[in-house]
Amino acid sequence: MSRVQLALNVDDLDQAVEFYSKLFGTAPAKVKEGYANFAIAEPPLKLVLFENPGTGGTINHLGVEVDSSEKVHEEIARLSDEGLFTAEEIGTTCCFATQDKVWVTGPSNEQWEVYTVLADSDTFRKAPGSEPDSQAACCGSSEESTANESRSPAACCGSS
């Protein structure tokens, strides 16, 4: 199974969770401080919400969730063959999940990831061999987002 992922910045997470629960007729699959995600069956969508006051209503990033690490590696090879620069994160912890993923940047600097979730995690992000970072360090507050607009998601989470 594959599904498109839409990751949105929201001003107020509780208000956004209430709205999207009503809109899609389902409760979130995961809710943590400053973060929620919905696994919506129809239409097949992974909706991810990041509480970033002052940036509400903007896209954080886009993605495609796939069902295996093998599919992620197939996409790494395919995207590389197409001449697209990829940033790989294998076995990374991001958005309260351990994942394999690859990032590419679209022509208007939009960030796309192809990923699979390997396991749930109690931390938002943890780079191999380091202490967990906070969500703000990963996805940025409104001030940090402006300062880090050109920053690659490979260096900054913001997914799943």
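Visitor: Where is the place of D12?
Guide: D12 sits in the loop between β1 (3–10) and α1 (13–24). Keep in mind that this is a predicted model.

Visitor: Is D12 buried, partly exposed or exposed?
Guide: Partly exposed, because its relative accessibility is 35%. Buried would need under 20%, and exposed over 50%.

Visitor: Which residues form the negative surface patch?
Guide: D11, D12, D14, E33 and E51 form it.

Visitor: Let's zoom out. How many helices and strands does the protein chain have?
Guide: The protein chain has 4 helices and 9 strands. Along the sequence the pattern is β-α-β-β-β-β-α-β-β-β-β-α-α.

Visitor: And what share of the residues counts as buried?
Guide: 43% of the 160 residues in the protein chain.

Visitor: Salt bridges next. How many does the structure hold?
Guide: The structure holds 6 salt bridges. One of them joins K30 and D120, with the closest N and O atoms 3.0 Å apart. K30 is in strand β2 (residues 30–32) and D120 is in strand β8, so this pair ties together parts 90 residues apart in sequence.

Visitor: What does K46 pair with?
Guide: K46 meets E65 in a salt bridge, 3.4 Å from N to O. The pair links distant parts of the chain. E65 is in strand β5 (residues 58–65) and K46 is in strand β4 (residues 45–51), 19 residues apart. Both E65 and K46 are buried.

Visitor: Which residues are linked with those two in a network?
Guide: R3 joins in: R3, K46 and E65 are linked in a network of salt bridges.

Visitor: What holds K101 and E113 together?
Guide: Their side chains meet in a salt bridge, 3.0 Å from N to O. K101 lies in strand β7 (residues 97–105) and E113 in strand β8, so the pair ties together parts 12 residues apart in sequence.

Visitor: Buried or exposed, those two?
Guide: Buried. K101 has a relative accessible area of 0%. E113 also has a relative accessible area of 0%.

Visitor: Why can charged side chains pair at all?
Guide: Side chains of opposite charge can pair when their charged atoms come close.

Visitor: What does the T116 side chain reach?
Guide: The T116 side chain reaches the backbone nitrogen of S68, at 3.5 Å.

Visitor: What is the phi of C95?
Guide: Positive, about 55°, although C95 is not a glycine. C95 is in the loop between β6 (87–94) and β7. C95 is buried, with a relative accessible area of 1%.

Visitor: And F96? What is its phi?
Guide: Near 65°, again a positive value in a residue other than glycine. F96 also has its place in the loop between β6 and β7. F96 is buried, with a relative accessible area of 8%.

Visitor: Why flag these?
Guide: Because most residues other than glycine have a negative phi, and most peptide bonds are trans.

Visitor: Last one, S80. Where is it?
Guide: S80 is in helix α2, residues 69–81. S80 is partly exposed, with a relative accessible area of 37%.

Visitor: Which atom does its side chain reach?
Guide: The S80 side chain reaches the backbone oxygen of I76, at 2.9 Å.

Visitor: How far is S80 from V104?
Guide: Their C-alpha atoms are separated by 9.9 Å. S80 and V104 are 24 residues apart along the chain.

Definitions and conventions
Residues numbered from 1 in each chain as written. Predicted model: local features only at pLDDT ≥ 70, side-chain atom pairs only at ≥ 80, totals over all residues. Heavy atoms only, no water. Patch = residues over 30% accessible without salt bridge, like charges linked within 9 Å, V, L, I, M, F, W, Y side chains within 5 Å. Areas by Shrake-Rupley, 256 points an atom, 1.4 Å probe, with all protein chains shown as cover. Salt bridge = Lys/Arg side-chain N within 4 Å of Asp/Glu carboxyl O. Lys, Arg positive; Asp, Glu negative; His and termini not counted. Charge placed at Lys NZ, Arg CZ, Asp CG, Glu CD. Helix = DSSP H or I, 4+ residues; strand = E, 2+ residues; numbered from the N terminus. Buried < 20%, exposed > 50% of the residue type's maximum accessible area, 1.4 Å probe, protein only. Polar contact = N/O pair within 3.5 Å; in protein donor to acceptor, adjacent residues only side chain to side chain.
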